[in-house]
Amino acid sequence: MTTPCKPLALTIATLGAALLPASCVRNPGVSHVAGETTAPPAPEQVLVLARDGATEYAIVTGAVPILAEKTAAKELAEYLKKATGAEFRTVAETAAEKPAKAIYLGWTEFGADQGIDHAALGVEEWVVKTAGDSLVITGGRTRGTLYAVRELLDHFGCVWAARD
């Protein structure tokens, strides 16, 4: 029987060369459209999303996420929990109390403030970008954000398998 997600190390270091393919390694402040490449970040630029079954991060969605973005948030939280044991809560960007460390998912104001023009992305294009202690994962509507999340999860070792 295939498990849905291979176990990861207790520390998930996003944006590190060891965890993301060259096509989605990001340097802080550098936007990414699928298929472009940049050099790996320096070790001090690596974000640790979870350690020892705990996380300081929450998944933050835009004010009005579409169905694919809701699905992406659910899958990201579910598979990160399976991989790390950490509970990644999901909150709306409009929530009164925003987390200090966040994974901004979909069309968020935070992403726009980081220079991402969401509307300019094609339906299958996506962006993964760090901004301080936060991570931005977004894409063109309708499928881009979901593709970005699945690319990340795929590289972390998640496997979607049919029973046949």
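This is a predicted model: local features need pLDDT of at least 70, side-chain atom pairs count only at pLDDT 80 or more; totals for chains, interfaces and linings use all residues.

Five strands make up an open sheet, and their order is β4-β3-β5-β7-β6. The pairing within this sheet is mixed. At the edges are β4, residues 90–92, and β6, each of which pairs on one side only. From one strand to the next, the twist averages 25°.

Within that order, I would draw attention to one pair of strands. Strand β5, residues 101–105, pairs with β7 in the parallel sense, over 3 bridges. Tyr 104 stands opposite Val 136, a residue of β7.

Next, the helices that lie across these strands. Helix α1 lies across β3, β4, β5 and β7, and it runs at about 140° to β5. Helix α3 lies across β5, β6 and β7, and its direction is at about 125° to β7.

Let me stay with α3 for a moment. The buried residues of α3 are Gly 144, Thr 145, Leu 146, Ala 148, Val 149, Leu 152, Leu 153 and Phe 156. For reference, an α-helix has 3.6 residues a turn, so residues three or four places apart point the same way. Just after α3, Gly 157 adopts a positive phi of about 110°.

I turn now to a single residue of the sheet. Thr 61 belongs to strand β3, residues 57–61. Is Thr 61 buried or exposed? With a relative accessible area of 8%, Thr 61 is buried, because the cut-off for that class is under 20%. Leaving aside residues up to four places away in sequence, Thr 61 touches Ala 73, Thr 90, Val 91, Ala 92, Glu 93, Leu 105 and Thr 108.

The last topic is charge pairing. Side chains of opposite charge can pair when their charged atoms come close. How many salt bridges does a search of the whole structure find? The search finds 6, and I shall describe some of them.

One joins the side chains of Glu 78 and Lys 82, at 3.3 Å from N to O. These two residues are 4 residues apart in helix α1, residues 67–84, and so are separated by about one helical turn. Glu 78 is partly exposed, at 32% relative accessible area, and Lys 82 is also partly exposed, at 43%.

Another salt bridge links Lys 81 with Glu 87, whose closest N and O atoms are 3.3 Å apart. Lys 81 counts as partly exposed at 37% relative accessibility, whereas Glu 87 is exposed, with a relative accessible area of 55%.

A further salt bridge is formed by Arg 143 and Glu 124, with the closest N and O atoms 2.9 Å apart. Arg 143 lies in the loop between β7 and α3, and Glu 124 in the loop between α2 and β6, so the pair ties together parts that are 19 residues apart in sequence. Both partners are partly exposed: Arg 143 has a relative accessible area of 33%, and Glu 124 has a relative accessibility of 44%.

Thank you for your attention.

Definitions and conventions. Residues are numbered from 1 along each chain as its sequence is written. Side-chain values use heavy atoms; hydrogens and water are left out. Buried means under 20% relative accessible area, exposed over 50%, partly exposed in between (1.4 Å probe, protein chains only). Contact means heavy atoms within 4.5 Å. A salt bridge is a side-chain nitrogen of Lys or Arg within 4 Å of a carboxyl oxygen of Asp or Glu. Two strands pair if DSSP finds at least two bridges between them. Axes are lines fitted to C-alpha atoms, for helices over the stretch in contact, and angles run from 0 to 180 degrees between N-to-C directions.
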